[in-house]
Protein chains: 2
Amino acid sequence: MNIVATQDLDKATIAARLGHEHVADIVEFLNGKTAEEATELVGHMPLQWAVEVLDQPQFQDACEVIEALPQDKAVALLEGMSADRASDVLRWIEEPSKSRLREALTPETRRGIDHLLTYPDGSAGALMTTEFVSVPSNWTVGQTLAHIREVEHSRETVYAIYVLTPDTKRLVNTVSLRRLIFGAPEAPIGSVANPYAPITVPPTMAQEEVARIISKYDFLAVPVVDSTGHVLGIVTVDDVIDAMIEEQTEDVQRMGGMEAIDAPYLDISFFEMIKKRGGWLCVLFLSEMLTTSAMQVYADELEKAIVLALFIPLVMSSGGNSGSQATSLIIRALALHEVRLRDWWRVALREFPTGLVLGAILGVIGIVRIVVWQEAGIFDYGEHWKLLAVTIGAALVGIVTFGSMAGSLLPFALKRLGFDPASASAPFIATLVDVTGIVIYFSVAWLFLHGTIL
Amino acid sequence: MNIVATQDLDKATIAARLGHEHVADIVEFLNGKTAEEATELVGHMPLQWAVEVLDQPQFQDACEVIEALPQDKAVALLEGMSADRASDVLRWIEEPSKSRLREALTPETRRGIDHLLTYPDGSAGALMTTEFVSVPSNWTVGQTLAHIREVEHSRETVYAIYVLTPDTKRLVNTVSLRRLIFGAPEAPIGSVANPYAPITVPPTMAQEEVARIISKYDFLAVPVVDSTGHVLGIVTVDDVIDAMIEEQTEDVQRMGGMEAIDAPYLDISFFEMIKKRGGWLCVLFLSEMLTTSAMQVYADELEKAIVLALFIPLVMSSGGNSGSQATSLIIRALALHEVRLRDWWRVALREFPTGLVLGAILGVIGIVRIVVWQEAGIFDYGEHWKLLAVTIGAALVGIVTFGSMAGSLLPFALKRLGFDPASASAPFIATLVDVTGIVIYFSVAWLFLHGTIL
């Protein structure tokens, strides 16, 4: 993007130059500036450009800009923005600015925004826009086209048209623009409607679920319908993509064992970062303390056979790794509806032999390692090194099997209890498996080494 | 979906009933059947329905169905399918069926498919469809609309129209259908074109990158253009959503420390599952063996101070957890272009103090734990328990800081070397941090406990 450095030009000139760029590029440029600079630049843009910029969910300083601009300008922008985006911006503005701005809006805009604000963040109701095209079912193709031409500029999408009963305004059908331009002008709108019953979502549906429906049916938009069959709004594919990217980031961060952060890495404050990471880190640390407690129980055994301590990190991490593999598999399979809650026993029946085989593979490698090190004279594992090798091998089978089972079943348990399975993050499973792993390890050791070194 | 159980009806009746459903629901129904049943059902459908079903990337048995159907039927289906989907299906069919089917296609279809097959799986070229609408720049709005009505049924999307120079057929502009229906019929097509230069992608671009561009600009499709400015095809938003879901699954599975699997959990064979998980598990196991080697170095110290062993799992896992947090943050920040390669030092400058503070928090908790257990008489850590507490606290600061630094910088290193940063999966980092953690732990212990219990 050929925009010269800010210091060389006054804001009005830069604002004028920005007009030749795609709005997404303008937003990218503004995101690289401070909130104060962005406010000044947006303030210098013609109203229509400024509205377009603020309409982009990618624009990070929207709330700051709206708060910092003179009230009449801010209100004009909110009036011009799409209702879903305007309510999204107002949602995060603090009082008293929020009420002051809300009061200054026209009653019609205010009603629309208030309505959207009643839906919780992350639901279809909060994601939807109320600016869609609907026509009564007794209209013709020609009437509909004329109507679209008239309202096009104020609608987020015109590619899906919703056909309502003329009297009660309930959704009867959907028409795509590509089919509409095909129809004869005098034909009834129903003649070009989609042949299947309209697929709709309730306003309370979670945005990930809406994304799944849009992607399943290859829709450009899906109508949000209340229990009486009235269309409240529509969720468009571009909003869904943004929601998917957000969800993907949350998934990866949760898998990494932390609270999801909703701002770019370099923008989030130091304190916020410590809070988001420190919380989970402390929870994991406190649960991991159980490993110390477990080992204290076996302190006498350790004293007798210090050689057992050497393999603790190796054996434990194998359980954790197999657990996080199983967890990540099941988290995605549940998210994609490849497996359902009632399939838990089928998963368990698969993970049990899988864990046994994987554990056996690692067990053999572990035994080979001990034999080679001992025979080559690299390290002396003591008189009973053969029994030690068998202990390590058997413990690996047990721990990897337990890890696979626990890792695959925890997401089911979390989902059953109403939590997001993705929050069964890998480190959480690793911690669970670590503690149990120590118990398994020393139990196996006692079994094989009792009477010799134990 | 009200489709009665298969055993009660013959396949022809079921196939006929399926016609009243949305194609995505038919696909979901067929995915629940065996490949043989799906083949029989598709074979009984009218050709147009069967083509629609096979055109869905979500249909899992497409290759099996095409291979199992009589050749004339299979060829008719491939001819009717969109070129990108047909080449995708052919891509995975084994020889000699592949060549036999390819030979039977019309020369025009074969050329189109052969062309798409030259692009590697996962690139814009492989994802694109060649069925788009293009018109010469000297046409009018009316001519273009008439053309769209004529070709609509054979185009994947008509919502984006590509304007080419009449002679050299290079891309000059794009027009959206919503703007087109706005224009006066006699106006030149250029009058309704988008005001900015067309945004295009090269055929070699990775599909994640294409997804990022479509989502950034809120496009319904993006043109794939070669170095001479010719449009090779377009990538549509629904293909991008499918690619994003696939990528999300891969990300989560890689974070879970395994090779990404490309089939539903319950469909993949047992052997395949062992292969995908066992490979990484062995790699991690072999690297984790370094922990045993490291501990063997400190075997004498362990012998003298067995109490040190009790805290090894706790201290090590904290390093791993802080490392996987940092890794997951940076993987996403790099994927979303929030940070770039050259920002590595800014990240390092942030992670260093973050690691110190997080480590200090855990260190304090660790010290409190030892003090409480000792004073309450739950466990006796020996005469020098105060020094031991300081050792644990200091080791945690060092290990958490190292974990944060290593976890945040490894994705940069991988990207710099040309690998996908997402493959710096959390368990991999954990393993790296585990080994280093043991060295840090015993070094700190030597520092504080030398001359007392060591």
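**Ground rules**

I number residues from 1 along each chain as its sequence is written, letter chains from A and number ligands from 1 in the order in which they are written. In this predicted model local features need pLDDT of at least 70, side-chain atom pairs count only at pLDDT 80 or more, and totals for chains, interfaces and linings use all residues, while side-chain values use heavy atoms, with hydrogens and water left out.

My helices (H or I, at least four residues) and strands (E, at least two) are DSSP runs, numbered from the N terminus.

**Entry: the A–B interface**

I began with where the two chains meet. The contact (heavy atoms within 4.5 Å) takes 118 residues from chain B and 119 residues from chain A. The size of an interface is often given as the accessible area lost when the parts come together. I took buried area that way: the accessible area (1.4 Å probe) that two parts lose on being put together, summed over both. Between chain B and chain A it is about 11200 Å², and carbon and sulfur atoms give 65% of that. R178(B), Y265(B) and R350(B) supply 8% of the area that chain B buries against chain A, more than any other three residues.

How many salt bridges are there between chain B and chain A? I get six, taking a salt bridge as a side-chain nitrogen of Lys or Arg within 4 Å of a carboxyl oxygen of Asp or Glu. One I looked up is E351(A) with R277(B), where the closest N and O atoms are 2.9 Å apart.

Helix α15 (residues 270–297) of chain B gives the largest share of the side of chain B that touches chain A, 18 residues.

**Entry: a sheet in chain B**

Next I traced an open sheet of three strands in chain B, with the order β1-β2-β3 and mixed pairing. Two strands pair if DSSP finds at least two bridges between them. The edge strands are β1 (133–136) and β3 of chain B, each pairing on one side only. From one strand to the next the twist averages 30°; for angles, axes are lines fitted to C-alpha atoms, for helices over the stretch in contact, and the values run from 0 to 180 degrees between N-to-C directions.

β1(B) and β2(B) run parallel and are joined by four bridges. S134(B) has Y162(B) in β2(B) as its bridge partner. Helix α11 (residues 141–151) of chain B packs on the sheet and touches β1 and β2 of chain B, its direction making about 145° with that of β1(B).

I found a cis peptide bond between E95(A) and P96(A), with omega about 5°. P96(A) is in the loop between α7 (83–91) and α8 (97–104) of chain A. In chain B, a cis peptide bond joins E95(B) and P96(B), again with omega about 5°.

K169(B), which is not a glycine, has a positive phi near 60°. I located K169(B) in the loop between β2 (160–164) and β3 (171–176) of chain B. Is K169(B) buried or partly exposed? Partly exposed, at a relative accessible area of 45%; buried means under 20%, exposed over 50%, and partly exposed in between (1.4 Å probe, protein chains only).

D218(B), also not a glycine, has a positive phi near 55°. D218(B) sits in the loop between α13 (207–217) and β4 (221–225) of chain B, and is partly exposed at 25% relative accessibility.

**Entry: a hairpin and a buried alanine**

In chain A, strand β4 (residues 221–225) and β5(A) run antiparallel, joined by five bridges. V222(A) stands opposite V235(A) in β5(A). The two strands form a hairpin with five residues between them, and G229(A) in the turn has a positive phi of about 90°. Six of the six residues of β5 (residues 231–236) are buried.

Last, I checked A389(B) in helix α19 (residues 385–416) of chain B. A389(B) is buried, at a relative accessible area of 4%. Not counting residues up to four places away in sequence, A389(B) touches I367(B) and I370(B). The C-alpha atoms of A389(B) and I367(B) are separated by 5.0 Å, with the residues 22 apart along the chain.
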